[in-house]
Amino acid sequence: MGFADRYLHAVNSSDLRDDEHHHATDALCAAALADVTGAGLGSLLSRVKYADGTQHKLFESGSANLASLLRIWTERVIQKGRERKWLKENTAWDADSAQKLYRRIAERSLAHWLDGKCAACSGSGNTLDRRICVTCKGTGKAEITGAGGFELEKVKDMVSELEGLLQSHNARAAGMLRGASHTHRD
Ligand SMILES: [Zn+2]
């Protein structure tokens, strides 16, 4: 089992003390440890992406994980936007519209990252008769809609950041999982 599978199993298992779920407990501990450096965001990304199933529906109804993920992510995007000086915030009007833009970028990037599959090919990149999907040109990814120009560019940047955060979280957690199973065997 890869890390995502083990983690999914751990999150869904009802009794972590059961011997059968021994490894599940390990996965949870590893994820918790990996979070020390990621300030909770990496673990949440992993949990929401792998465990919550129908992400886009939950995005609308607001599950607890997703709600905290969106809150943390929005703060992170605002911080990045300010550091990188995306917008001028000299007047109250500017600051207010900057906040709105940051929030839209945070929401759109998160929604796209969670459920950004091409609808025509369900994310496979191919048609049923094995030809390259025309809609997504074989990438399997949906276009980001409802944004253009500067905003679209920032949404794309933030989608890449989310992907990077998840990958580094998984790498850290998988490393700790390997370390943990060695300890148990001794
Ligand atoms: Zn497609």
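This is a predicted model: local features need pLDDT of at least 70, side-chain atom pairs count only at pLDDT 80 or more; totals for chains, interfaces and linings use all residues.
Good morning. A residue counts as buried when its relative accessible area is under 20%. Cys118, with a relative accessible area of 2%, is therefore buried. Please keep that cut-off in mind, since I shall return to it.

Let me begin with the metal site. Which protein atoms are the donors of the zinc ion? They are the SG atoms of Cys118, Cys121, Cys133 and Cys136, lying 2.3 Å from the zinc ion. Along the chain, these donors follow the spacing C-x2-C-x11-C-x2-C. Within this set, Cys121 and Cys136 link distant parts of the chain: they stand 15 residues apart, and each is in the loop between H6 and helix H7, the latter covering residues 149–185.

What is the arrangement of the 4 donor atoms around the zinc ion? The angles they subtend run from 103 to 114 degrees, and the arrangement is therefore tetrahedral. For orientation, the ideal angle for four tetrahedral donors is 109.5 degrees.

Is Cys121 buried or exposed? Its relative accessibility is 9%, so Cys121 counts as buried. Cys136 has a relative accessible area of 7% and is therefore buried as well. One further remark about cysteines: the structure holds 0 disulfides.

What does the side chain of Ser109 reach? It reaches the backbone oxygen of Ile105, at 2.8 Å. If we set aside the neighbours within four places in sequence, Ser109 is in contact with Trp73, Val155, Met158, Val159 and Leu162.

My last topic is the aromatic rings. How many aromatic pairs are there? The count comes to 1. The pair is formed by Trp86 and Tyr102, whose rings are 5.9 Å apart, centre to centre, with 50 degrees between the planes; the pair is tilted. Trp86 sits in the loop between helix H5 (64–83) and H6, whereas Tyr102 belongs to helix H6, 16 residues away, and the pair thus links distant parts of the chain. Both Trp86 and Tyr102 are buried.

Thank you for your attention.

Definitions and conventions:
Residues are numbered from 1 along each chain as its sequence is written. Side-chain values use heavy atoms; hydrogens and water are left out. A polar contact is a pair of N or O atoms within 3.5 Å; within protein, one must be able to donate a hydrogen and the other to accept it, and residues adjacent in sequence count only if both atoms are side-chain atoms. Contact means heavy atoms within 4.5 Å. Donors are N, O and S atoms within 2.8 Å of the metal (3.2 Å for Na, K and Ca); water is not among the atoms, so sites may look incomplete. Four donors count as tetrahedral if all angles lie between 85 and 135 degrees; four count as square planar and six as octahedral if opposite donors are over 155 degrees apart and all others between 65 and 115; anything else is irregular. Helices (H or I, at least four residues) and strands (E, at least two) are DSSP runs, numbered from the N terminus. Buried means under 20% relative accessible area, exposed over 50%, partly exposed in between (1.4 Å probe, protein chains only). Rings of Phe, Tyr and Trp (its six-membered ring) pair if their centres lie within 6.5 Å; planes under 30 degrees apart count as stacked, over 60 as edge-to-face and the rest as tilted. A disulfide is a pair of cysteine sulfur atoms within 2.5 Å.
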